[in-house]
Amino acid sequence: MEKQVFIMDHPLIQHKLTYLRDKTTGSKDFRQLVSEIAMLLCYEATRDLPLEETTVETPVALAKTKIISGRKLAFVPILRAGLGMVDGVLQMVPAAKVGHIGLYRDPKTLKPVEYYSKLPCDIEQRDVIVLDPMLATGGSSVDAITIIKRSNPKSIKFMCIIAAPEGIKAVTEAHPDIQLYCAAVDDHLNEHGYIVPGLGDAGDRIFGTL
């Protein structure tokens, strides 16, 4: 069976993750770190893109080189925290299109509620990477993937920064065909559905709404 969960333990990612967790890190630096980590995660999540040979003329001679073989990507952040990852991934794939899915977690039931969905019109021609900094209960992620699957994209991957074991279990059981990329798997969820030790509420820290 193909590996489904990939934990990116690259030293640069782990170094930046330490400052991301620190409660004294302000919104400006927090946003920058989220963007940088997303860029590094995207590097790994796109490792399997197919290549084809081409030829270019250097100042010295003709060179046989490689380019990505016609694959189209779309990034779909889960609002609102997923927006913090968009700039970083677009630095890596500027030609990608961006969709949006709006889900919020009911504070009483901890269940996701959909309030917005807008995907690229040619989504069926694209490989999709869903973005959300935190994979906690997994409810929003499972629902977002389900919504995207209705549009029949070529493939879907899920990319987060920190995941809880409960969230990984929820996503991999609901969508066994989805590959999941993260920078760290933390201990557990607390009674409020927050990842422990985590980093708090990613959306509040990104947008300064604490």
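Predicted model: local features only at pLDDT ≥ 70, side-chain atom pairs only at ≥ 80, totals over all residues.
Empty space in a structure can be located by rolling a probe the size of a water molecule over the atoms. In the model, the largest pocket found has a volume of about 600 Å³. Its lining is made up of 28 residues, and those nearest the centre of the pocket are R105, D132, M134, S140 and D201. Several elements contribute two or more residues each to this lining: strand 4 (72-79), strand 6 (100-105), strand 9 (134-135), helix 4 (139-149) and helix 6 (202-207). By class, the lining of the largest pocket contains 14 nonpolar, 9 polar and 5 charged residues.

The second largest pocket has a volume of about 310 Å³. It is lined by 14 residues, among which T46, L49, I68, M92 and V93 lie closest to its centre. The lining of this second pocket comprises 9 nonpolar residues, 4 charged residues and 1 polar residue.

T25 is located in the loop that runs between helix 1 (11-21) and helix 2 (27-45). A polar atom of the T25 side chain lies 2.6 Å from the backbone oxygen of Y19. When residues up to four places away in sequence are left out, T25 is in contact with Y19, F30, L33 and R205.

Note on methods
Residues numbered from 1 in each chain as written. Heavy atoms only, no water. 1 Å grid on protein atoms, 1.4 Å probe; cavity = no way out; pocket = protein on both sides within 12 Å on 5 of 7 lines; lining within 4 Å. Points joined across faces, edges and corners; volume = space filled by probe spheres on them. Helix = DSSP H or I, 4+ residues; strand = E, 2+ residues; numbered from the N terminus. Nonpolar A, V, L, I, M, F, W, Y, C, P; charged D, E, K, R; others polar. Polar contact = N/O pair within 3.5 Å; in protein donor to acceptor, adjacent residues only side chain to side chain. Contact = heavy atoms within 4.5 Å.
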